[in-house]
Amino acid sequence: MAELRSAFKDDNPNITQCILKLLYIEMMGYPVSWAQMEVVKLVASAKDQSARRLGYLALSLLIDKDSDFLFMTTNSIKTDLESGSPYRCAVALHCLGSIGNEDILEKLAPYVIPILGTQATYLRKKAALISCNICEKLPDQAELFIPAAKNLTMQKSHSMVLSGTQLMTAILKADPTLWDNFLPELRNCIRVLKSLVTSHSGSSENMICGVRDPFIQVSILNLLLVFASCRRKLRLTDAVDLPGLFASLSAVLTGSPSTKAAGRAVLHTAARVVLYIGAGGVLRDTALDVLARFLTHKDNNLRYAALSTLAASLRDGTVQSNEISKHRATILHCLTDVDPTLRKRALDASLCLCDKTNIRFIVSSLLKYIKDVCNSLSNNDIEMRAAAISGIILACESHSPTPRWHLSTLINLLDICGGWENDKGVGGEYSSAKSSAKGSSRSVSATFLRSDIAASVLYLLSLHSSLQPYAVQLLLHRLPACLTTMNPSLAYLIGCVLGEYGHTLVLHGKERHGEDDTEGGHAMTSSSSSSDEPIDDILGELGLDDTTSPGTETHPQTSVPTHDDSHSHDPGSKTNIHPSLLFSSLHSLLTSAVCKNVRVHSVCVNALVKVSAQFPSVFDAQPVDESEDLSDEERKSREDIFTIGSETKRLLSMYAHHLESELQTRSVEMCTMLRSDKVNILCQTIPGKGDDDDEEEVEEESGGSTDEKKIEEGEKELQQGEKAEEHQTSAENDDLDDLLGLF
């Protein structure tokens, strides 16, 4: 390296050998940025073609696109483009295409256009590729290349037609408003496409795997796709006269062989064009059949391409879900493939396929997939879990057939995904798992998704009050499984719902939610079928035991009556449910290991306080007097109610410190907020210096006495506010003491 540095300083005449050594050193991974200026000197002083080629090669490899040294080569590239020598133009075009940035391309674009009209086919093809690059990076320059693109498309050489179609595609992508400039050339391309498929004459040099010029066919089909996209972006609905378009597409779909890769590429592109332009009839059915054959092919590349096309068509609305409903099972089967990229694309297509007629089947399949298939800890499976959960939530919000099915599905989803947490906290080891699918800027963590499900359930219940008793009943049936699987997310939701809406089940009574929930004549098949069991049997499922102490895994055995005389007058209930069931359920949660989770413990304690305030008849139940004349059943019921009330008092006494700490924390937060608001108001009441000269004179004369008075008044208001806050805090503490005194 030191020898090379000294050779450059001594103006060694054998400079090309030094540059070759630099290229080798750079390819070995060593930094040679210090020699960029020497490369620029070689390009500017090259006298023969070999030195020029070496200089442009070193320029492409050693200098970055954003380097300032690159601008020093602009004149050298310009000189070679204007030289007229095909060799000098070729190496200059190659270098310009490799490292040309927006500034250099803007300066040299006028010198590329004349090369597109030269007689040398080799140069015209290179210039066409550079022109595509210019149109992509400089959309405002695209209009300059319209005449050259038209001229290339009308040539007889296949390579010229290919270059022309690619240049037209680049121009239309850069500026969709130029679509009407290429109508004659587009009609000519359609004729060329049909002749390539139907004609069997001509040289065999362009035959690839039995397909004539598959590159030109795919390029023309891509041009048609971009042309239709331009009109859609401009919202143009008038018909365009393109004779032979459907006939050419039909010939491609029926005449291209599907046994070789070249033919399959043409078929796939033609199917995309047919679906995008909205063709109907036999042509549309043929395109869908082509994609269906690809879905069942053993080559994962074909299956991936078919799934991508179907998902894009469903998302754009060019294909309806009922058109490919017969392939629904095939798409869902791709979720079990070993290729993670194919699974992601299958999930995308499955979610795009959802509508109100098939969402029950698709969501149930996805739930089974999440539960049975996504059971490893690999990064791909974690991403797939998050993507599937997020997709199910959004699909249910958009296509839910009934609110009740929506609620059952969300609870099922939380039951499945909540079990992935450990008992260290909500989220556990999956809290850092992110879903960062391509094309999506949203990163979704597992913890966020579980919180989102619980929030969606609570929001749904706030919108539909008629679902509140059903939600309480459904979650009560899930409670035994929740205690077994140690699912903190589901336990958190159960605590929230029992505390907020538990009283609705008591008021509405024993409702049978197993009736047919039909839509369009089809019975609802959801996980809510478990709610057909009598509500009286829930207690038996909980497995309660009398001898439980807090912190153990057994729970007090309690038999509660099914009637509540205090609510027997409710006309909307068939058989009223006794509120002691809510107390027993919360006891089970609080005395289980799942309450090691801080959030679950807090919400269950708060729920028990709410239920105690709503049903004081259970909380303040008195022991049974032996002198009372009661039947055995009535005596047993009252004893059970007294046991539940006593257990509630004991639990709340244990957690009294928690309640007091939480109340004090909230009071301090409220006082801090109020104090900051009053300080802001006080600051706003102190005026600044006025702009009037008279006001300044008055302030100077008074010596700022007015400001001092206002500051004193503000301080007095602040002191009064603090006293009021202290009084309010003491009143809240007195209320808390009264509540704790009951224990």
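Alanine 271 is in contact (heavy atoms within 4.5 Å) with Leu253, Ala287 and Leu291, leaving aside its neighbours within four places in sequence. This is a predicted model, in which local features need pLDDT of at least 70, side-chain atom pairs count only at pLDDT 80 or more, and totals for chains, interfaces and linings use all residues. Residues are numbered from 1 along each chain as its sequence is written, and side-chain values use heavy atoms, with hydrogens and water left out.

**Around alanine 271**
- You can find alanine 271 in helix H14, residues 261–277; helices here are DSSP runs of H or I with at least four residues, numbered from the N terminus.
- Alanine 271 counts as buried because its relative accessibility is 0% (buried means under 20% relative accessible area, with a 1.4 Å probe and protein chains only).
- Alanine 306 lies 35 residues apart from alanine 271 along the chain, and their C-alpha atoms are separated by 9.6 Å.

**Where H15 meets H16**
- Helix H15 (residues 281–295) packs with helix H16 (residues 300–316) at an angle of about 135°, their axes being 7 Å apart; axes are lines fitted to C-alpha atoms over the stretch in contact, and angles run from 0 to 180 degrees between N-to-C directions.
- From H15, the contact uses Leu291, Phe294 and Leu295, while H16 brings Leu302, Arg303, Ala306, Leu307, Thr309 and Leu310.

**Inside helix H3**
- Helix H3 covers residues 36–45, and its buried residues are Gln36, Glu38, Val39, Val40, Leu42 and Val43.
- These buried residues of H3 pack against helices H1 (2–9), H2 (15–27), H4 (49–62) and H5 (74–81).

Terms used. Buried means under 20% relative accessible area, exposed over 50%, partly exposed in between (1.4 Å probe, protein chains only). Helices (H or I, at least four residues) and strands (E, at least two) are DSSP runs, numbered from the N terminus.
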